[in-house]
Amino acid sequence: MQNTDLKIFNTLTRTKEVFKPVNPPFVGMYVCGPTVYNHVHLGNCRTFISFDIVYRYLLHLGYKVRYVRNITDVGHLVNEEEMTGEDRIGKMARIEKLEPMEIVQRYTNGFHDVMKQFNALPPSIEPTATGHIVEQINMVQAILDNGYGYVSNGSVYFDTLKYAKNHKEFGRLSGKIMDDLQVETRDLKGQSEKRHPADFAIWMKAQPEHIMRWNSPWSVGFPGWHLECSVMSTRYLGDKFDIHGGGMDLQFPHHENEIAQNIGACGHAPVNYWMHTNMLTVNGTKMSKSLNNSVLPGEMFTGENDVLAKAYDPMVVRFFMLQTHYSSTLDFSDEALQAGEKGFRRLMEGYKTLQSLQHKNGKVEESEDQAVTEECQACYEHMNDDFSTPQALAVLFGLVTRVNTYKDKGGVVSSISKETFDRLNKVFRDFIEDIFGLKEEEGADEEVVDGLMQLIIDIRQSSREKKDWDTSDKIRAVLKELEIQLKDGKDGTSWTKA
Ligand code: AMP
Ligand code: ZN
């Protein structure tokens with residue numbers, strides 16, 4: 001293991017804690033995945049990209065990570081907080097006259113495409129809620145057996161009041177205490193089956209119009225949304241695992257209820273480190289489908305959204321996100337993206353320049369050598385400080401300035417030792433490729449084409465000067481076939497594709 005000084009801000013304790021896995025070098029990480037009833041928007045992507053960085057950094061440190069990220073394909077109802085209304089996927093299936101599983105497949109495929117474009121690594125396991133109905137029924141039964149649930153009219157509810165009496169930690173994760181819950185939770189229509197307004201369904205009896213339904217000891221129905229994550233995380237990571245993540249909006253009730261379910265079923269809390277990412281906002285408001293302010297990744301890549309002046313490469317968007325710490329809000333705007341694009345290109349240019357430099361043994365400037373060594377080390381220290389990508393980036397930019405100075409001085413570096421030069425190269429490779437997951441923009445090929453075209457224009461020019469008509473005619477014919485037009489101007493010859 002390269003470094004074990006990693007500290008993680010734990011939502012549960014509200015402090016940065018030294019990361020100690022239950023069973024090193026193995027690490028278990030669970031992240032709540034998308035509900036696949038619609039396209040993921042850029043806000044969702046921010047959360048998944050943040051955890052991709054966490055995953056990549058843990059791998060980089062040498063941990064053997066089992067990363068589980070679920071697909072919610074049943075049980076997430078339209079009115080999330082109140083757990084009422086239609087199933088989100090069922091509703092879409094009804095509207096589009098498709099099988100629910102067609103909806104699920106369509107948007108799961110879309111999600112995977114997007115994650116690939118963002119160069120996010122696939123999780124080790126991607127379980128679905130519908131694939132774990134038996135396990136969910138078993139957990140409901142365990143909760144009932146332990147006296148923390150009750151059956152009411154075919155549905156099974158979690159007995160929050162009883163649980164809170166025995167387990168004072170209820171509300172600890174979200175900072176909500178039981179009194180708050182009582183005041184805030186209204187007694188909603190159709191929920192009179194509950195003993196207490198804060199109780200939540202772990203199994204729901206299906207109404208006749210509900211399409212997705214399974215047999216259970218209590219009714220033909222479906223599992224409650226919070227239950228799936230309790231079940232699938234512990235199914236693959238054990239009943240005590242290292243990291244559980246999700247967006248901050250999931251702290252309550254989703255994650256609070258998840259802890260209650262796990263303790264209710266097996267007697268102890270499931271997770272050591274709870275991590276929550278902050279929201280992507282638009283003019284200070286959370287990006288969300290229901291608020292109609294969401295921007296889709298596909299729109300980013302084509303520029304087809306009124307809030308965008310142009311298209312952005314997925315790598316520019318990824319870089320834009322890394323410039324802000326995952327625990328702060330990040331406001332989305334076209335100007336901020338344009339600035340991000342400049343920063344991204346500066347970084348990648350710097351990386352390319354570094355690769356073109358040569359080291360030569362000579363007189364080492366001790367202070368410079370030490371400064372470069374410390375800056376290289378600082379990148380890892382910032383990542384160890386709760387994955388501080390913006391600070392690590394700031395140090396890398398400082399190093400880019402040094403790299404550019406080396407290039408300006410002729411591209412041969414002798415003022416730092418070979419060892420430091422190699423370390424500098426390694427830091428850039430580690431950070432840009434492995435940890436940040438950045439790569440060249442797709443459009444980077446355009447630069448190559450531009451370069452080749454310039455070469456052709458020069459050859460055409462010199463062949464004309466030499467009256468080598470064969471060559472110039474051949475160039476003209478091929479360019480015509482490719483529908484490329486040359487325009488001679490006072491600043492030289494330019495080209496366009498018809
Ligand atoms: P959902 O598909 O709604 O369950 O959301 C999937 C993930 O995206 C969850 O972890 C949410 O917390 C997260 N999320 C939703 N909206 C945003 C946002 N505006 N910014 C960051 N994360 C978000
Ligand atoms: Zn979840």
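Predicted model: local features only at pLDDT ≥ 70, side-chain atom pairs only at ≥ 80, totals over all residues.
## Ground rules

Local features need pLDDT of at least 70 and side-chain atom pairs pLDDT 80 or more, while totals for chains, interfaces and linings use all residues. Residues are numbered from 1 along each chain as its sequence is written, chains are lettered from A and ligands numbered from 1 in the order written, and side-chain values use heavy atoms, leaving out hydrogens and water.

## The zinc site

The zinc ion (ligand 2) has C32 (SG), C229 (SG) and H254 (NE2) as its protein donors, 2.0 to 2.2 Å away. Donors here are N, O and S atoms within 2.8 Å of the metal (3.2 Å for Na, K and Ca); water is not among the atoms, so sites may look incomplete. The spacing in sequence reads C-x196-C-x24-H.

C32 sits in the loop between strand 3 (26–31) and helix 1 (42–60), and H254 in helix 8 (residues 251–266), so the pair ties together parts 222 residues apart in sequence. Helices (H or I, at least four residues) and strands (E, at least two) are DSSP runs, numbered from the N terminus.

## Around ligand 1

Of the 17 residues around ligand 1, the nearest are G43, T47, D249, L280 and M287; being near takes a heavy atom within 4 Å. Helix 1 gives the largest share of this shell, four residues.

## Domains

An automatic or database assignment sets the domain bounds: domain 1 (7–277), domain 2 (281–435) and domain 3 (446–497). Taken over C-alpha atoms, the centres of domain 2 and domain 3 are 36 Å apart.
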